[in-house]
Amino acid sequence: MWLLSFLPDALLVWIINGVLLAGIVGTTVSVLFKLAIRWIPWIIPYRTLLLVSIVLLLAGVYFKGGLAIEQEWRARVRELEAKVALSEEQAKTANVKIEKVYIDKVKVVKDTQIVIQEKIKNVEVKIDSQCKVSSETIDILNEAAKRPEVKK
Amino acid sequence: MRKLLIIIPIVFLLSGCLTTPVKRKFPEVPQALLVSCPDLKQIETTDKLSEVIKVVSDNYGMYHECRIAVETWIEWYKTQKDIFDSVK
């Protein structure tokens, strides 16, 4: 049936109806007018016509059923495509919103940092006059700030 | 001719599979989230406590930014998963 998916809807209906109609007409003609056709075998080869008609009839009936399923599938595909398109649009909108919230939050952190740095500057002299930091303290802090190496 | 008439319908009858033509794209992550958290700042050799505090508070700021990034990643995943799962 996947072969049907290569053809557009209208052409598919036209072909299948044509095949079915040809099968019905051919079979009817070859069965009902058996004798008449037998008498004029030079015009139409009777057995070949009957065989071809039956094949066309069977193929027509089969593909008529297949067409209904195919159309149902195509409708479902169209529905799913619409849903996917909508979800992709929603994903893009969500991304814009999430990114904006992220940028706003980071801005708040950076603004807070500026305020804190200003506060430090204001009490700098007072802090430095009251306390001296030893080099060991700095070494420990730097060591703690280093990213530990993890073996992969 | 007869063989052909038998073979062609059989080929059509046996080709009963249906392809799945609907393709889905994985949503793009915002560029701002694709940046790794930077290493913490190191303190220059000094005896001034104010210099130490400046670097430490900068590092706190970097931690907060990194935490926001992780929270945003979690929110991004949950939101995109909900949207993805809504298509059935």
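This is a predicted model: local features need pLDDT of at least 70, side-chain atom pairs count only at pLDDT 80 or more; totals for chains, interfaces and linings use all residues.
Biologist: Why is B:Asp39 called exposed?

Modeller: The word exposed is used if 12 or fewer other C-beta atoms lie within 10 Å, and B:Asp39 has 11 of them within that distance, so B:Asp39 is exposed. The place of B:Asp39 is in the loop between H1 and H2 of chain B, and its C-alpha atom is separated by 8.9 Å from that of B:Asn59, although the two residues are 20 residues apart along the chain.

Biologist: Which parts of chain B touch chain A, and how many residues are in contact?

Modeller: The contact joins 47 residues of chain B with 43 residues of chain A. On the side of chain B that touches chain A, helix H1 (2-14) and helix H2 (49-85) each supply at least two residues, and the largest share, 19 residues, comes from H2(B). By class, that side of chain B has 21 nonpolar, 15 polar and 11 charged residues.

Biologist: Why are H3(A) and H2(B) called roughly antiparallel?

Modeller: Two packed helices are described by the angle between their axes and the distance between the axes. Here the axes of helix H3 (residues 46-130) of chain A and H2(B) come within 9 Å and cross at roughly 170°. Angles over 145 degrees count as roughly antiparallel, and therefore H3(A) is roughly antiparallel to H2(B). The crossing in which H3(A) passes H2(B) is right-handed, and the residues of this contact divide into 15 nonpolar, 11 polar and seven charged.

Biologist: What is chain A made of, and how do its elements run from the N terminus on?

Modeller: Chain A has four helices and zero strands, so that its elements, read from the N terminus on, run α-α-α-α. Of the 152 residues of chain A, 11% count as buried. Among the contacts in chain A with a separation of 6 or more, 75% are accounted for by residues 24 or more positions apart.

Biologist: How do you know that the span of H1(A) agrees with what a helix should have?

Modeller: Helix H1 (residues 9-32) of chain A has 24 residues, which at 1.5 Å a residue should span 34 Å, and because its end C-alpha atoms are 34 Å apart, the two values agree. The expected span takes 1.5 Å times one less than the number of residues.

Biologist: Which residues of H1(A) are buried?

Modeller: The buried residues of H1(A) are A:Ile16, A:Val19, A:Leu20, A:Gly23, A:Gly26 and A:Ser30.

Biologist: What makes A:Val19 buried?

Modeller: A residue is buried if 20 or more other C-beta atoms lie within 10 Å of its own, and A:Val19 has 20 other C-beta atoms within 10 Å, so A:Val19 is buried. This residue lies in helix H1 of chain A and, not counting residues up to four places away in sequence, touches A:Leu56, A:Ala59, A:Gly60 and A:Phe63. A:Val19 and A:Ser53 are 34 residues apart in sequence, and 9.2 Å apart in space, C-alpha to C-alpha.

Biologist: How do H1(A) and H3(A) pack, and is their crossing left-handed or right-handed?

Modeller: The two helices H1(A) and H3(A) pack at an angle of about 145°, with their axes 7 Å apart, and their crossing is left-handed. The residues of the contact of H1(A) with H3(A) divide into 18 nonpolar, six polar and one charged.

Biologist: Why is A:Arg74 called partly exposed, instead of buried or exposed?

Modeller: A residue is called buried if it has 20 or more other C-beta atoms within 10 Å, exposed if it has 12 or fewer, and partly exposed in between. A:Arg74 has 15 other C-beta atoms within 10 Å, and A:Arg74 is therefore partly exposed.

Conventions. Residues are numbered from 1 along each chain as its sequence is written. Chains are lettered from A and ligands numbered from 1 in the order in which they are written. Two residues are in contact if their C-beta atoms, placed from the backbone, lie within 7 Å. Ala, Val, Leu, Ile, Met, Phe, Trp, Tyr, Cys and Pro count as nonpolar, Asp, Glu, Lys and Arg as charged, and the others, Gly among them, as polar. Axes are lines fitted to C-alpha atoms, for helices over the stretch in contact, and angles run from 0 to 180 degrees between N-to-C directions. Angles under 35 degrees count as roughly parallel, over 145 as roughly antiparallel, 65 to 115 as roughly perpendicular and the rest as oblique. A crossing is left-handed if the near helix is turned anticlockwise from the far one by less than a right angle, and right-handed if clockwise.
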